[in-house]
Amino acid sequence: MPVKRKIVDVLEGKTVTPPPLWLMRQAGRYLPEYRATRQKAGGFLDLCYTPDLAVEVTLQPIRRYSFDAAILFSDILVIPDALDRNVRFTPGEGPQMDPIDEASIYSLKADGTLAHLSPVLETVKRLRQELPSETALLGFCGAPWTVATYMIAGHGTPDQAPARLFGYRNRQALEHLLAFLAEISAEYLIAQIDAGADAVQIFDSWAGVLGEAEFEAFAVKPVARMIEIVRSKRPNARIIAFAKGAGMNLRQYRQKTGADAIGLDWSVPLSFAAELQKDGPVQGNLDPMRVVAGGQSLEDGIDAILQVLGNGPLIFNLGHGITPEADPDNVAKLVNRVRGLG
Ligand SMILES: Cc1c2[nH]c(c1CCC(=O)O)Cc1[nH]c(c(CCC(=O)O)c1C)Cc1[nH]c(c(CCC(=O)O)c1C)Cc1[nH]c(c(C)c1CCC(=O)O)C2
């Protein structure tokens with residue numbers, strides 16, 4: 001009998017008590033063992049493209065905390081890297097790449113993208129062999145809009161003003177870029193599923209900077225297209241869509257994109273989250289700062305989520321990635337409390 005993983009049950013609409021959990025960015029700098037492996041790797045992208053090391057850092061948080069899911073260790077910016085945008089991760093500066101202009105958008109070529117990403121797919125394969133059978137394996141990619149914001153600015157910005165401006169001035173070129181990214185990202189997700197991922201998450205971390213009309217055109221439409229492509233080829237694919245900061249725009253997000261579950265950031269009121277949960281599974285949404293603060297604020301935040309969302313289909317998670325300042329002991333406390341052990 002193949003094992004049924006709890007997160008898969010939730011993604012199929014079941015209520016699992018206590019809810020299964022994992023944390024966005026669960027492999028990362030808050031863990032001393034991650035920092036040690038990271039040093040061995042040289043550059044951050046070398047870590048992403050070296051299966052031995054990527055498998056190791058993916059497994060580190062599973063060994064410590066027995067999360068219900070492992071998330072492939074990689075980055076959303078391996079896609080622009082595969083497109084030869086000269087992606088660099090300089091410590092202390094965040095990601096950088098060559099900013100893309102209109103002419104370069106129209107000359108982007110998809111050939112060779114998956115071949116460039118073959119070490120990441122090898123990591124997925126090895127992970128499925130090495131993980132405990134009850135642990136789900138999650139693949140992921142960035143949503144077209146979020147990836148495009150970095151490609152246009154050439155680096156991170158506080159509000160993605162360059163990409164928003166580009167959208168008003170060069171609407172057609174932006175839509176071309178988003179459609180292009182939707183196609184290759186869908187193929188990348190299919191390859192991750194074929195390599196052994198139980199489910200995939202689409203990160204639209206910058207959905208929250210878009211106005212209503214732009215949210216429809218730049219966030220909903222490309223993600224819906226991606227999911228349509230994935231499902232046309234892998235009908236049973238399980239998909240989590242996380243549109244950070246989307247607020248009221250989340251109301252129809254599940255229906256419009258076709259995602260199984262929607263990820264919620266910590267600014268989503270629990271009463272609204274409960275409404276969204278009536279239509280299907282939700283994931284979230286503890287403020288990562290509560291894991292840094294610890295103590296009562298950690299306990300209260302967890303209890304509020306469990307009280308309001310714990311009786312329906314829920315994947316417990318943070319509302320965004322765990323930060324390097326988080327205390328690993330607080331993560332242990334979080335896991336125990338969600339599981340009713342403390
Ligand atoms: C926007 C985005 C990126 N990457 C990602 C997103 C979407 C989610 C989000 O909004 O956080 C997604 C991501 N990045 C990473 C993962 C690995 C899996 C996991 O444990 O969640 C995942 C799922 C590793 C990483 N990606 C990065 C690190 C830190 C790099 C290091 O170790 O030096 C890790 C562990 C680098 C990265 N990568 C990115 C940025 C802006 C940065 C620099 C900021 C930072 O340093 O936190 C782009």
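Reader: Quick one before we dig in: when do two strands pair?

Author: They pair if DSSP finds at least two bridges between them. Keep in mind that this is a predicted model.

Reader: Got it. So what stands opposite Gly142 in strand 5?

Author: That's Phe203. Strand 5 covers residues 199-204, and strand 4 pairs with it in the parallel sense over five bridges.

Reader: And how many bridges link strand 1 and strand 4?

Author: Three, again in the parallel sense, with strand 1 at residues 69-71. Ala70 has Leu137 of strand 4 as its bridge partner.

Reader: Is strand 4 buried or exposed, then?

Author: Seven of the seven residues in strand 4 (residues 136-142) are buried, so the rest of the structure largely encloses it. One side has Ala136, Leu138, Phe140 and Gly142, the other has Leu137, Gly139 and Cys141, and all are buried.

Reader: Switching to helices. At what angle do helix 9 and helix 11 pack?

Author: About 120°, with the axes 9 Å apart. Helix 9 is residues 144-153 and helix 11 is residues 171-195. They're therefore oblique to each other, and the crossing is right-handed.

Reader: Which residues meet there?

Author: From helix 9, Pro144, Trp145, Val147 and Ala148. They meet Leu174, Leu177, Leu178, Leu181, Ala182 and Ser185 in helix 11.

Methods: Residues are numbered from 1 along each chain as its sequence is written. This is a predicted model: local features need pLDDT of at least 70, side-chain atom pairs count only at pLDDT 80 or more; totals for chains, interfaces and linings use all residues. A residue is buried if 20 or more other C-beta atoms lie within 10 Å of its own, exposed if 12 or fewer, and partly exposed in between; C-beta atoms are placed from the backbone. Helices (H or I, at least four residues) and strands (E, at least two) are DSSP runs, numbered from the N terminus. Axes are lines fitted to C-alpha atoms, for helices over the stretch in contact, and angles run from 0 to 180 degrees between N-to-C directions. Angles under 35 degrees count as roughly parallel, over 145 as roughly antiparallel, 65 to 115 as roughly perpendicular and the rest as oblique. A crossing is left-handed if the near helix is turned anticlockwise from the far one by less than a right angle, and right-handed if clockwise. Two residues are in contact if their C-beta atoms, placed from the backbone, lie within 7 Å.
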